[in-house]
Amino acid sequence: MQTIRHNLDNQAQLVCFGESEEQSVACSLSSFRPVSEDDVRKMILKSSPKSCELDPMPTSLLFECIDEVVPAVTHVVNESFLSGIFPSMFKTAIVKPLLKKPSLDQDDLKNYRPVSNLSFLSKVAEKLVLSQLSEYLNANQLFSPVQSAYRPNHSTETALVKIVNDLLLALDDGKVSVLTLLDLSAAFDTIDHNILLHRLEHAFGITGTALSWIRSYLSDRDQTVVVNGLKSEPFRLLYGVPQGSVLGPILFVLY
């Protein structure tokens, strides 16, 4: 990953600080709305009851005690939104590498995907932000119309339908088509935080404590890798968004 990042650094500076600045959008999202206890309760109950070893209690127990827990969780989330600070205790991840396909060589590290296991409450907070962020982006039509991943009702199938339709229309017009495919190496892991924050502000109108919250969410994260019960020492993440997080996919799309 360091090699990939090194090769990107020069271009990254040009993209982020070049002469062709993005035009600011007319709309703006300067803060996240406070959530109610009912909002938090519904989000918890809609979530998968999976537990992570980072959780202070099993998720099943949290569900059983939800009436007692919800007021405290609501307070933490609203204080986080108000201050623009993502709680530091939510910034730790346990990474358990997963083989991308059963047929791949298990001895080749490139064949593994570093999925991050995050605490249950951190993902609840992310989902509450995702709900408001998606609402803002959809209401102001800020998604690219041809973006076909990490969006409801958009998938590889809709992407293929669009491409095949374009090819058939070109064929009907007697045109020659050339299809170019690009595969990004370590796409989630190499996201430059400065470029992402710059785009969120200038291309999508995310400012104020909303932008501060996302900056806090991205910064000072660390992770520990677990393989066959053995743990690595925690190490700091300087770039990227966690694979397995709730906000990771939409932040990648906006990037």
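Contact means heavy atoms within 4.5 Å. Helices are DSSP runs (H or I, at least four residues), numbered from the N terminus. The model is predicted: local features need pLDDT of at least 70, side-chain atom pairs count only at pLDDT 80 or more, and totals for chains, interfaces and linings use all residues. Residues are numbered from 1 along each chain as its sequence is written, and side-chain values use heavy atoms, with hydrogens and water left out.

**Exercise 1.** Determine which residues of H2 meet which residues of H5.

*Solution.* 
1. On the H2 side, take Asp39, Val40, Met43 and Ile44; on the H5 side, Phe120, Val124, Lys127 and Leu128.
2. Sort these contact residues: six are nonpolar, none polar and two charged. Here Ala, Val, Leu, Ile, Met, Phe, Trp, Tyr, Cys and Pro count as nonpolar, Asp, Glu, Lys and Arg as charged, and the others, Gly among them, as polar.

**Exercise 2.** Describe the largest nonpolar core.

*Solution.* 
1. Apply the criterion: a set of buried Ala, Val, Leu, Ile, Met, Phe, Trp, Tyr and Cys residues joined through side-chain atoms within 4.5 Å, where buried means under 20% relative accessible area (1.4 Å probe, protein chains only).
2. The core has 46 residues, and Leu137, Leu200, Ile206, Trp213 and Leu251 have the most contacts inside it.
3. H5 gives the largest share, eight residues.
4. Leaving out residues up to four places away in sequence, Leu251 touches Leu196, Leu200, Ile214, Tyr217, Leu218 and Val241.

Terms used:
Helix = DSSP H or I, 4+ residues; strand = E, 2+ residues; numbered from the N terminus. Buried < 20%, exposed > 50% of the residue type's maximum accessible area, 1.4 Å probe, protein only.
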